[in-house]
Amino acid sequence: MKIKAADRSELLVAWDAHRDAIRSRLRDFGNVPKERYMYELFFCVMTPQSSAAQCALVAEELERRNFLSVEFDPAPLLRGHAGGYVRFHNTKARRLLTLRNREDEILQLFEQNSTDKELRDILADGIDGLGMKEASHFLRNVGRTEVTIVDRHIIRNLIRLDVLEAWPPSISLKTYRNLERRFEELAAALDIPHAALDLLLWQRETGYILK
């Protein structure tokens with residue numbers, strides 16, 4: 001893959017500046033204990049069309065209240081915890097209640113000899129409300145980094161770097177896999193791990209390294 005010399009230089013300079021912080025963040029993901037996996041999954045189930053920061057606050061409160069062991073209706077938390085709001089709170093609350101009862105089943109998937117992408121596909125297909133993007137996000141957040149979270153910032157950067165000509169009209173499964181492949185090719189051309197490149201591009205846009 002050919003990258004403009006100016007773009008390559010700019011990204012490599014940024015990588016040199018933020019390499020240590022990004023590697024540290026990726027190590028954090030890899031050190032998440034299995035007893036916290038479900039709370040990371042709850043976070044990702046809540047995020048579609050909602051503020052990631054607000055969803056993180058709700059996930060933290062669910063964990064503080066020991067939601068996996070003490071069943072309660074999470075809808076009020078999604079509707080108004082800490083002054084924020086998670087969209088479609090009733091639907092997502094029902095999904096959380098269903099998921100908490102599947103903890104053993106979901107954790108057992110991590111014991112199988114599956115690649116990250118195979119595991120991502122199983123999760124995306126088997127969990128209501130968890131698409132390819134959210135399943136990839138969940139796996140990245142628990143240290144399974146051989147997937148790409150194809151979201152708006154990834155697509156925007158693929159266009160900016162002339163890897164993609166235009167914004168796709170929709171994200172079908174085939175389109176998702178194609179965008180993931182292009183992003184991985186971009187990362188390989190820069191000799192930056194693609195999970196690290198994702199965080200680097202986000203840092204350059206926002207000034208911080210996101211969960």
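This is a predicted model: local features need pLDDT of at least 70, side-chain atom pairs count only at pLDDT 80 or more; totals for chains, interfaces and linings use all residues.
**Close-ups of salt bridges and a helix pair**

View 1. Arg64 pairs up with Glu61 in a salt bridge, with 2.7 Å between the closest N and O atoms. Both residues sit in helix α3 (residues 52-64), three residues apart, which is about one turn of the helix. Glu61 has a relative accessibility of 10%, so it counts as buried; buried means under 20%.

**View 2. Asp128 reaches over to Arg95.** Here's another salt bridge, this time between Asp128 and Arg95, whose closest N and O atoms are 3.3 Å apart. The pair ties together distant parts of the chain: Asp128 is in the loop between α7 and α8, while Arg95 belongs to helix α5 (residues 89-100), 33 residues apart. Asp128 is exposed, with a relative accessible area of 55%. Arg95, at 23% relative accessibility, counts as partly exposed.

**View 3. Helices α7 and α10 side by side.** Helix α7 (residues 116-126) packs with helix α10 (residues 173-190) at an angle of about 155 degrees, and their axes are 14 Å apart. The two are therefore roughly antiparallel to each other, as the cut-off for that is over 145 degrees. The crossing of α7 past α10 is right-handed. On the α7 side, the contact is made by Lys117, Arg120 and Asp121; on the α10 side, look for Tyr176, Arg177, Glu180 and Glu184. Sorted by class, that contact has six charged residues, one nonpolar and no polar.

View 4. Let's zoom in on a salt bridge between the side chains of Arg120 and Asp121, at 2.9 Å from N to O. Is Arg120 buried or exposed? With 0% relative accessibility, Arg120 counts as buried, whereas Asp121 comes in at 24% and counts as partly exposed. Salt bridges with shared partners join Arg120, Asp121, Arg177 and Glu180 into one network.

**View 5. Thr148 and its neighbours.** Thr148 turns up in the loop between α8 (132-141) and α9 (152-160). Thr148 counts as buried, because its relative accessibility is 2%. Which residues does Thr148 touch, leaving aside those up to four places away in sequence? They are Arg120, Ser136, Tyr176, Glu180, Phe183, Glu184 and His194. Arg120, Tyr176, Glu180 and Glu184 are also part of the contact between α7 and α10.

Conventions
Residues are numbered from 1 along each chain as its sequence is written. Side-chain values use heavy atoms; hydrogens and water are left out. Axes are lines fitted to C-alpha atoms, for helices over the stretch in contact, and angles run from 0 to 180 degrees between N-to-C directions. Helices (H or I, at least four residues) and strands (E, at least two) are DSSP runs, numbered from the N terminus. Angles under 35 degrees count as roughly parallel, over 145 as roughly antiparallel, 65 to 115 as roughly perpendicular and the rest as oblique. A crossing is left-handed if the near helix is turned anticlockwise from the far one by less than a right angle, and right-handed if clockwise. Contact means heavy atoms within 4.5 Å. Ala, Val, Leu, Ile, Met, Phe, Trp, Tyr, Cys and Pro count as nonpolar, Asp, Glu, Lys and Arg as charged, and the others, Gly among them, as polar. Buried means under 20% relative accessible area, exposed over 50%, partly exposed in between (1.4 Å probe, protein chains only). A salt bridge is a side-chain nitrogen of Lys or Arg within 4 Å of a carboxyl oxygen of Asp or Glu.
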